[in-house]
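Please walk me through this model in the viewer, one selection at a time. I have not looked at it before.

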Amino acid sequence: MGLEEKLQQIQARALEDMSSAGSLEDLNEVRIRYLGKKGELTGVLRGMAALSSEERPRIGQIANRVREEIEARLEGRLSQLKDSLREKRLSAETIDITLPGTVFGTGNLHPLTTVTRQIEDIFLGLGFSIAEGPEVEMDYYNFEALNLPKEHPARDMQDTFFITPETLLRTQTSPVQVRTMEKTAPSLPVKIIAPGRVYRRDDDATHSPMFHQIEGLMVDKRITFADLRGVLQVFAEKMFGPETKSRFRPSYFPFTEPSAEVDISCGMCGGEGCRVCSHTGWLEILGCGMVHPRVLEMSGYNSSDVTGFAFGMGVERITMLKYNLDDMRLLFDNDVRFLAQF
Amino acid sequence: MMRVSLKWLRDYVDITIPVRELADRLTMAGLAVEGVESPGEGIEKVYSGKILQISPHPNADRLTICRVTLGQGEDLNIVTGATNVREGHVVPVAVEGARLAGGLVIKKSKLRGVESRGMLCSGQELGLDTSVMPSDQAHGIMLLDPSTPLGLDIKGVIGLDDTILDLELTPNRGDCLSMVGVAREVAALLGERLSLPDTSAVGSGLEIEGMARVDIIDPGLCSRYVARLFRNIKIGPSPAWMQDRLRAAGIRPISNLVDITNYVMIELGQPLHAFDYDTLKDGHIIVRRAEKGEKMVTLDGSERNLSEDMLVIADPGGPVAVAGVMGGLATEVTEKTVNVLLESAHFNPVSIRRTARSLGMRSEASSRFEKGVDPVACLRAADRAARLLLELGAGEVAPGAVDSYPVRSVPKTVVLKPGRVEHVLGVEVPGQEIVSILRSLEFTVNDSGGELLVTVPSHRQDVFLEEDLIEEIARMHGYNRIPYTLPAGSGTIGARTPRQSLEVGVKDTMTSLGFYETVTYSFTAPSTLDRAGLPPDSPLRNVLRLQNPLSEEQSIMRTLLLPGLLEVLQRNASRRTTDLALFETGRIFLPSGDGQLPLEKQVLAAAAMGSAPSGWNRAGQPHDFYYMKGVLEALLDRLGLRGYSFAKESGHSLFHPGKAARVTVGEAVIGVLGEIHPDVLENYSLPQSVSAMEVDFEVLAELSGRPRKYRPLPKFPGIERDLSLVVKKEIPAQDITRTIRKSGGQYLQEVRLFDIYHGGQVPAGCQSMAFSLKFQAEDRTLTDQEVNGWMTTVSEALAGQFGAGLRS
Ligand SMILES: [Zn+2]
């Protein structure tokens, strides 16, 4: 048998051995058997020295081709084997992705905080700052400086908890208006909101003896009722959605004149009328008005030079509207099954 | 609340628009219509019928058979259990197919074997409020005026063919606590004319002059007192129309005379009082302050102690009424009354309010006086009552009136600059419109060269200032016709203060650590102090007390936040949620000296029970001391607080003395944390241990504002070494760590305790602690030999200080 045939034989056997090799180890053995230092192909090449100088290059070329062929197949088979092994491993590693994920305890802000922050952020964006004041307040700031002298019948609108005859739990965040103006006067502008707890002697499904208000106040050279309407319309749209309409109804607060109550179009029914809005299409959300001249004067501003507006809203009321709650007491019961929903 | 009968209202003004629209217009003008009731809605086939004969029921003692006629058609036999009907009575009769209030439908039926072809109705069955029915008719069949024509639809007979507007009035609009006041607004809104009720009354017999005398001793509290005298009164029921109207207004008819006074009060807003003239000594009315120690029995039968700041109506024998608040029993009008002295007066609102409140007697009259009634209208109201008395044929009227009017009401004049209207409203209202609005509300307007001189009508006690007039103009012009604008002028930047941002950060950190935010009341029960185990001398027992709490449970202001959270834990535990973590930020109230406001301190409190959430692949970390400590450390780290340390806290009553710590930075105490004392757990019925902390927000704010500075990242690798030592259990880990840090040299960057072990070969009373130490230099790579040297120093220091043995 000539070398040429021998080479062809080797090639044929090598290819066959490679395809039947079932593991990386088998394949490696095949490689060693044919291409190794003591492999068959190497053995053949070693015998080339005996060839004539005409034959040598020709056989050499054939031998090279055989080697290349074997190496290429070896490579191919190797990657084939690797692929199938990876496949097997991956399939063995498959997990049940429907098992629950690792549990992290995530808490929640109280819905009143969430809503307060939303309101704060809207007014911060409009250039208001946040002011704070005491919850135990003097009669003077809670009432008298707001144009509610002792024995004023409008004091009945706010049933008050007293600590002493002159100190009380604030019934509204409005005293922060007065404190802020006293501190700021005669500088302009005054532009604040004042969130916080307030207290009234009421306790039922729609009233809580403690609740939260956000007061707003803007005083400057030329502030008008139209500005009040504009600012509150912006607020209504940002808080309740761009479709929201607002409506101003005349009302009465001793510390504003003119005074108004603001309704927004009912988001539940789109103004058609439903249970939530008592079939009126409107929801009352806040009270407001132009700061009463006497309040400006008492706080150190000249009411013929400056005007201002003020507004006050109940955070519980707005929270209940936003989340469609029907019982205010849920907000103070702190049942985690409730808190976890927000 | 003012209930306005539309039928009644139409006496004074023409209403040409649908009632819904009227309600809207009133609401948008500031008279909020809270409800529109149609009391007769749904009531059908009920007629006036006369009982011809009553015969006993053959099979039932408690039932009778009434033969009833409706004036036409055949008579009806109706079985009834009512006991107040007699032959000849005219009553509401529901026939077959009738519909009553609440939707009840009447069918032909047999009652104990006798056919009944309908039903005799009570007021309640027709939808009337029994609280405003005459007491003898509140239960049983409603008895109609015997002269009522038969066969009429009952709705027209008893005033159910009416519509009632429920007005929720603001306290400034006392003038609208009257039908005429509301009619005046309606007339202005609709551009209609207002017609006032007839007050002409022809007197007869002797003049009042010489029969009655009025002396006002304190004109500051009573500016006017009008008296009229009625004679030969025949006390009886008032006519049906008057009863219907009073009922519609929510007032119970009593007798013709009392009804007249109430009717005029509702109609004109002026409270009236009727005295039995013959019980008044000398017919002499003295309006004065009560004398010290004076007493009087009021209409309701209770004896009242009067004080010197209360105004009374007296006769020479003593007080006969608490002015404007309640009459006296001795001078009350009764069935036997023959002559009546009628009072129509104007009292000081503040004095009335104070008196009514201190006697605990609020009445329709006092609430009107408080809000300010028209001082000019006293005489008109007295005359109107006289007119009604004659109309009802209830008696005679003595000619003339005693009108004591020491303080004349002077009309107020307010200057209005039309430019100011635009300045305040931000919209120009034409001058002509301004004038016509004000005139429609009965203001008198004189143009004095650009400025308007506006005279306020006497019924508008709430208008003093230019702004008050601007409000009148705005509400009649229409609030919603004023444009939306945004304030011009200096722009401002809105931002939270660092302190406010800190609160946002604290809350966000706490929630991300798995805590739920709660909001609890700022007031609590005094027993909280005991349940929290506070010692008798604890400064936290010095609390603010409410003078008028709703209940004992809410009678003091809290000096601690944690008890509120323990209550919340307990409430949740009782609903079977036992694994939870909560926090609250809020104020505690610490009393200061006399006359000063208390110190209000913002506090963060957190409490946790059970364990953190667990799953199939992770055990829940128990909510123990170390959990809470980790939370606090995470919070402080997040806020950028450095250099805090923990010290044992065994003197805080809320906490377990062996499982509590105080957190400090230098001298400043940030807060306390620990596991709740077992006694306190028991006081709150908590089923398992609770870890908690209370952190002083003010201190936190002070310390956390410090700016952070960047430190370059290390360029050379560090070397980590572990150190295992056996020490006595009672040596605090903090002390060991401190010693390691002190002795470890300048390149020791980090000391971390990663394992604690006892038992096994560790001697009793000792534990093995494993620390990981990291050495690193900024300018070079450290060598093993260097690090070995420092490790030796550390070991020696530990051995010297704590007798710590090294473990390999
Ligand atoms: Zn709706």
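A residue counts as buried when its relative accessible area is under 20%. Keep that cut-off at hand for the cysteines below. The model is predicted.

**Stop 1: the zinc site.** Select the zinc ion together with C266(A), C269(A), C274(A) and C277(A). The SG atoms of these four residues coordinate the zinc ion at 2.2 to 2.3 Å. Along the chain, the donors follow the spacing C-x2-C-x4-C-x2-C. The arrangement is tetrahedral because the four donor atoms subtend angles of 105 to 112° around the zinc ion. For four tetrahedral donors, the ideal angle at a metal is 109.5 degrees.

Now colour two of the cysteines by accessibility. C269(A) has 17% relative accessibility and therefore counts as buried. C277(A), with a relative accessible area of 3%, is buried too.

**Stop 2: the domains of chain A.** Select residues 3-93, which the domain assignment gives as domain 1 of chain A, then 111-339, given as domain 2. How far apart do the C-alpha centres of domain 1 and domain 2 of chain A lie? The distance between these centres is 89 Å.

**Stop 3: a sheet in chain B.** Go to chain B and show its strands. Five of them form an open sheet in the order β5-β4-β3-β6-β9, with antiparallel pairing. At the edges are β5 (76-80) and β9 (119-120) of chain B, each of which pairs on one side only.

Next, select residues 44-56 and 90-99 of chain B. These are strands β3 and β6, which pair in the antiparallel sense over six bridges. To see one bridge, pick G49(B): its bridge partner in β6(B) is V91(B).

Terms used: Residues numbered from 1 in each chain as written. Chains lettered and ligands numbered in written order. Predicted model: local features only at pLDDT ≥ 70, side-chain atom pairs only at ≥ 80, totals over all residues. Heavy atoms only, no water. Domains from an automatic or database assignment. Pairing = 2+ DSSP bridges. Helix = DSSP H or I, 4+ residues; strand = E, 2+ residues; numbered from the N terminus. Donors = N, O, S within 2.8 Å, 3.2 Å for Na, K, Ca; no water. Tetrahedral: all angles 85-135°; square planar, octahedral: opposite > 155°, others 65-115°. Buried < 20%, exposed > 50% of the residue type's maximum accessible area, 1.4 Å probe, protein only.
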